[in-house]
Amino acid sequence: EMVTQEMPGMTQLLTDLKANGYPIYGLTNWSDETMQDEFKRWNIFRLVDDMVVSGREKILKPDPAIYHCLLSRFKLEPDECVFIDDNQKNVEAAQKLGIHAVRFEDAEKLRQTLIDMNVRL
């Protein structure tokens, strides 16, 4: 019910990231059942390499345990990751773990922020 459309510009941004060799992982507070339906509904999820779903893990952002789950599962180093979320509390939780984190406002601002961080696009 919350998601009514793909965020404008995000499919192209993720496509550009993938074209430059970046893996894309999801970290969502959705239930496992909802996530299955949404994964089928939105084309943008085809660009996501894999995902940690809180409904499966029984842990919600901003609990540090869910970020550790993501990092461990996909063998990621915190300082080599960029976490993007529209909730400031989730962004701050990621930052406390040494993950570069950005509060999402729109795709255009995010693209510029990533460029400023020297991410190849």
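These are my notebook entries on a predicted model of one protein chain.

**Ground rules**

I number residues from 1 along each chain as its sequence is written. Because the model is predicted, local features need pLDDT of at least 70 and side-chain atom pairs count only at pLDDT 80 or more, while totals for chains, interfaces and linings use all residues; side-chain values use heavy atoms, with hydrogens and water left out.

**Entry 1: the overall build**

I looked up the elements and found six helices and four strands. Helices (H or I, at least four residues) and strands (E, at least two) are DSSP runs, numbered from the N terminus. Along the sequence their order is α-β-α-β-α-α-β-α-β-α.

Next I checked the dimensions. The C-alpha trace spans about 35 × 30 × 25 Å along its principal axes. For 121 residues, a compact globule would have a radius of gyration near 14 Å, and the 14 Å of this protein agrees. That radius is taken over C-alpha atoms, and the globule rule is 2.2 Å times the number of residues to the power 0.38.

I also noted that 37% of the 121 residues are buried. Buried means under 20% relative accessible area, exposed over 50%, and partly exposed in between (1.4 Å probe, protein chains only). Of the contacts (heavy atoms within 4.5 Å) between residues at least 6 apart in sequence, 52% join residues at least 24 apart.

**Entry 2: helix α1**

Which residues of α1 are buried? In this helix, residues 10–19, I found M10, L13, L14, D16 and L17 buried. Seen down the axis, these buried residues fall within an arc of 155°, so they line one face of α1. The arc is that of the directions from the helix axis to the C-beta atoms. An α-helix has 3.6 residues a turn, so residues three or four places apart point the same way.

Helix α6 (107–116) is part of what covers the buried residues of α1. After α1 comes G21, with a positive phi near 90°.

**Entry 3: salt bridges**

I looked for salt bridges (a side-chain nitrogen of Lys or Arg within 4 Å of a carboxyl oxygen of Asp or Glu), and the structure holds five.

- R111 and D16 meet at 2.7 Å, N to O. R111 lies in α6 and D16 in α1, so the pair ties together parts that are 95 residues apart in sequence. D16 is buried at 18% relative accessible area, whereas R111 is partly exposed at 24%.
- E57 pairs with R73, their closest N and O atoms being 2.9 Å apart. This links E57 in helix α3 (residues 54–57) to R73 in helix α4 (residues 64–73), 16 residues apart. E57 is partly exposed at 24%, and R73 is partly exposed at 39%.
- D85 pairs with K61, with 2.8 Å between the closest N and O atoms. D85 sits in strand β3 and K61 in the loop between α3 and α4, 24 residues apart. D85 is buried at 6% relative accessible area, and K61 is buried at 12%.

**Entry 4: the surface**

Where does V82 lie? V82 belongs to strand β3 (residues 82–85) and is partly exposed at 33% relative accessibility. Together with I84 and M117, V82 makes a nonpolar surface patch of about 190 Å². Patches are made of residues with over 30% relative accessible area and no salt bridge: like charges are joined within 9 Å, nonpolar side chains (Val, Leu, Ile, Met, Phe, Trp, Tyr) within 5 Å.

Definitions and conventions. Accessible areas come from the Shrake-Rupley method with a 1.4 Å probe; for residues, only the protein chains shown count as cover.
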